[in-house]
Amino acid sequence: MKFDENLARFQRDRFGMFIHWGVYAMHGTHEWCQYYSKIPQEDYQFMVDHFDPDLFEPKHWAQTAKRVGMKYVIFTTKHHDGFCMWDTQFTDYKITNTPAKRDVLREIVDAFREEGIAVGLYYSISDWYHPDFIIDGSHSLHHLPQEEIDRLNEGRDMSRYAQYMRDQVRELLTEFGEIVEFWFDVSGKIDPVACESQAMYDMIRELQPHVILNNRLALPGCENILTPESYLREEDCFDAEGNSVPWEGCHTLSASWCYNRDEKSYAKTPLRILETIITQTSLNGNSLINIGPTARGYISPLEMKSLDYVAHWMKYNARSIYGCGAAPKDLPPPPKDCRYTYNKKLNRLYVHILHWPRGALSLRGLAGRVKYAQLLSDGSAFQIVKTGNFTNENLNPRFHKDAAALRLMNQPEDTSIPVIEVFLKD
């Protein structure tokens, strides 16, 4: 697949699943537990020696992602702890040396592809286990006295580590088929010279020229997408000239990226997650929604509750997400408490209503441009009220002259965020 085709597919699909899963799930708090809880390597090794996800069913994960409407997946092959979730030939610190004795990455890749879901991979540039990775303020050993850190850093060689990374990335890009997106991450500031980022980039482009790269190799101009994490700022969606750039906002369902045992309410409600997906689509962005499976390998009930909520909405309203982006530039902003998405190919505008208004909905800039409008979830039509008839129809006479107005019914009860599909005239 050519790169341009791959990026176009990525922007059509709009919605993917992020999976943070590793030994840290046993701690049940945070994927940075080794850092925040100052866990010595020998104690962390105890978790490695007992990691046994006996309830891991990759087919269920993949089927869940498909039901929710996710079109691609990004899986954490190696997080900052350095533990590898595949049978890599370049370290013994890997999943096949645990009681699991399974190459879970291989199983996940196969299961998701079987469901028609494209596969992307996450790889951490940071590595708290590798003996050549320099200890700094973002390392799990950051809490040690500076004299001890200096002693441990003696003889460490980032060039050797950079070669280790390239060996592993080469392995991932040659043994697991087509990878649509490679998602680098780093726990602190990256030195692209020390990490030999240019050599990494050149190798990737040689192996899989079509793969989408994020912006965390610290090589300006080499990234294909921006990846804002756990926040949404409209200014991050555009370049210096105000042009929209490809981007992908990633968000957790809980207070951390991995399984959080004590998180009972979850930091983000299902409604907030849904609103995030809609809002990011309205700004020409993709949404990568994360799950953190348990140490035994299943998706927690609280996460399943959020996924089920999104799945129900997507079943009836996915047309307002796939293939959609920002509204035409000539349109005024949407009504209060609404979000626009637009499918250029179909010439349809989608009005997502966060709070259902009374009487009528005024859509500025659409006077004379609306051919038909319907509730997307059930296909029921809305009456289009002409601008000059507001008073006679007992509607608000103060609507703007360039507005089209839709007479509203009662708020639909079967969907949390109703969507009106507006067919525009050519």
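View 1. Because Lys66 belongs to helix 4 (residues 58–68) and Glu115 to the loop between helix 5 (104–114) and strand 3 (118–124), the pair ties together parts that are 49 residues apart in sequence; helices (H or I, at least four residues) and strands (E, at least two) are DSSP runs, numbered from the N terminus. Lys66 is partly exposed at 48% relative accessibility, whereas Glu115, at 19%, is buried, where buried means under 20% relative accessible area, exposed over 50%, and partly exposed in between (1.4 Å probe, protein chains only).

Residues are numbered from 1 along each chain as its sequence is written, and side-chain values use heavy atoms, with hydrogens and water left out. As the model is predicted, local features need pLDDT of at least 70 and side-chain atom pairs count only at pLDDT 80 or more, while totals for chains, interfaces and linings use all residues.

**View 2. The salt bridge between Arg216 and Glu229.** The closest N and O atoms of Arg216 and Glu229 lie 2.9 Å apart in this salt bridge. Both residues are placed in the loop between strand 5 (212–213) and strand 6 (247–251), 13 residues apart. Arg216 is buried, with a relative accessible area of 14%, while Glu229 is partly exposed at 31%.

**View 3. Helix 4 against helix 5.** The axes of helix 4 and helix 5 come within 8 Å and cross at roughly 40°, axes being lines fitted to C-alpha atoms, for helices over the stretch in contact, with angles that run from 0 to 180 degrees between N-to-C directions. Helix 4 is therefore oblique to helix 5, given that angles under 35 degrees count as roughly parallel, over 145 as roughly antiparallel, 65 to 115 as roughly perpendicular and the rest as oblique. The crossing is right-handed, that is, the near helix is turned clockwise from the far one by less than a right angle. Pro58, Lys59, Trp61, Ala62 and Ala65 in helix 4 meet residues of helix 5 that include Glu107, Ile108 and Phe112. Glu107 also forms a salt bridge with Arg102, the closest N and O atoms being 2.6 Å apart.

**View 4. Helix 9 against helix 10.** Helix 9 (residues 270–282) and helix 10 (residues 301–317) have axes that come within 9 Å and cross at roughly 50°, and the two helices are therefore oblique to each other. Their crossing is right-handed. Among the residues that meet here are Leu271, Leu274 and Ile278 in helix 9, and Tyr309, Val310 and Trp313 in helix 10.

View 5. Gly249 is placed in strand 6 and is buried, with a relative accessible area of 0%. Apart from neighbours within four places in sequence, Gly249 is in contact (heavy atoms within 4.5 Å) with Pro228, Gln280, Asn286, Ser287 and Leu288.

**View 6. Confidence along the chain.** The protein chain has a mean pLDDT of 93, and 96% of its residues reach 70 or more, pLDDT being the predictor's confidence in each residue, from 0 to 100. Over residues 388–394 pLDDT stays under 50, and for this stretch the model has nine contacts beyond four places in sequence.

Technical notes:
Salt bridge = Lys/Arg side-chain N within 4 Å of Asp/Glu carboxyl O.
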